[in-house]
Amino acid sequence: MNTLNDQQLDELQKDLDAIRDEVVADLGERDANHIRGMVRLHRKLEVAGRVMMPFGFIPPVFLAATASLGLAKILENMEIGHNVMHGQYDWMNDPSLNSQTYEWDTACSSESWRRTHNFEHHTYTNVIGKDRDYGYAVLRLSDDEAWRPRHTFQILNYAVLSILFQWGVALHELEAEKLSYGKSHLKEKRPFLRVAAKKAGRQAFKDYVFFPALTLPVAPIVLAGNAGANLIRNLWSSTVIFCGHFTQDAETFTEEQAEGESKGHWYLRQLTGSSNFTGGKWLHIMSGHLSFQIEHHVFPDLPAHRYPEISEKVQAVCRKHGIHYNTGSFGKQYSTVLKRILRYSLPERFTQRPAVA
């Protein structure tokens, strides 16, 4: 982690606060039009997918319906749901876009997401022992965690996690790793499990019972298409999230490093613990603008569609303070994620760098 003294951290805070204040003062119709346009697009894609799906016995129609529904789910989860639940549009006073009442189209309840993601992850980003999103208790991604034989084939765990991503996220708050080590008990999780079962059951019923039952003669086709759409969403969202947090240059931190930190130090940790990837307008939109993960971690409550323009100013601040700005092409960043997963599947003697004399 870059070392800045207290005065430099104060300057960093002032520089980034100034960027935030400028955007907040400019919020208005442009931002409202963006999110409402995304909501309309999502609805059109979902309706198109649902209407076409019963005619999926025609292969090209099946592919088009599955793709349309998959894109609708990605757009709703990434650009709409995730950003709305961060409070990016609370200033609009639109009940349908309120961070505390919005419920998204995925197995994880919004209530659980706000606890584990908005609070835990964004407060303790990449702090080993505090941020349970770091490896999702499934993957070893740094030497901060001791190697165990189960890590040997963790690339397979990553594949399974990606395929079933919405269900893994839905059960994240269960803290299965603590249950397995006897650090917590299932009875303590009963309130969470009741809420999780209700939300997950509703999602499963909608995609795998209700819509197939509406088109009973072709129910297997509709069922397969809905499963395919969920798979598309799961693979894409997990890939985007991993590219934002687990690239080669994304740093990790100890609890001691984050203890009693100032806002300037928190900013520094967000800057050095996150990573971006480059691309065109629609790549950014379909990633929920988490292609600008650095900006998102620094300004989680600013409308995400602003991140491309904010990025230039954040990069200037990083240059001023000598902070590495971690970005690269989508392919490059994802390749470093895979390399990291594979590297830390090996015991410490293969991963620890020799001390410099």
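Author: Happy to. By class, the lining of the second largest cavity has 3 nonpolar, 3 polar and 1 charged residues. Please keep in mind that this is a predicted model. The residues behind those counts are Trp113, Thr116, His117, Asp133, Tyr136, Val169 and His172. Among the elements, α4 gives the most to this lining, with 3 residues. The space inside comes to about 50 Å³.

Two or more lining residues of the largest cavity come from each of α3 (59-85), α4 (110-123), α6 (165-170) and α9 (219-245). Of these, α9 gives the most, with 5 residues. By class, this lining has 10 nonpolar, 10 polar and 2 charged residues.

Helix α9 takes part in a nonpolar surface patch: α5 (154-163) and α9 each give two or more residues to it. The patch covers about 400 Å² and is made by Val160, Ile163, Leu164, Leu231 and Leu235. Leucine 231 sits in helix α9 and counts as partly exposed because its relative accessibility is 35%.

The side chains of lysine 73 and aspartate 207 meet in a salt bridge (3.0 Å, N to O). Lysine 73 is in helix α3 and aspartate 207 in helix α8 (residues 190-214), so this pair links distant parts of the chain, 134 residues apart. Lysine 73 counts as buried, at 1% relative accessibility, and aspartate 207 is buried too, with a relative accessible area of 2%. Both belong to one network of salt bridges with shared partners, which joins Glu46, Arg50, Lys73, Asp105, Lys206 and Asp207.

The structure holds 24 salt bridges. One of them joins the side chains of aspartate 15 and lysine 320 (3.0 Å, N to O). Aspartate 15 lies in helix α1 (residues 6-26) and lysine 320 in helix α14 (residues 307-321), so the pair ties together parts that are 305 residues apart in sequence. Lysine 320 is exposed, with a relative accessible area of 53%.

Conventions: Residues numbered from 1 in each chain as written. Predicted model: local features only at pLDDT ≥ 70, side-chain atom pairs only at ≥ 80, totals over all residues. Heavy atoms only, no water. Helix = DSSP H or I, 4+ residues; strand = E, 2+ residues; numbered from the N terminus. Nonpolar A, V, L, I, M, F, W, Y, C, P; charged D, E, K, R; others polar. 1 Å grid on protein atoms, 1.4 Å probe; cavity = no way out; pocket = protein on both sides within 12 Å on 5 of 7 lines; lining within 4 Å. Points joined across faces, edges and corners; volume = space filled by probe spheres on them. Patch = residues over 30% accessible without salt bridge, like charges linked within 9 Å, V, L, I, M, F, W, Y side chains within 5 Å. Areas by Shrake-Rupley, 256 points an atom, 1.4 Å probe, with all protein chains shown as cover. Salt bridge = Lys/Arg side-chain N within 4 Å of Asp/Glu carboxyl O. Buried < 20%, exposed > 50% of the residue type's maximum accessible area, 1.4 Å probe, protein only.
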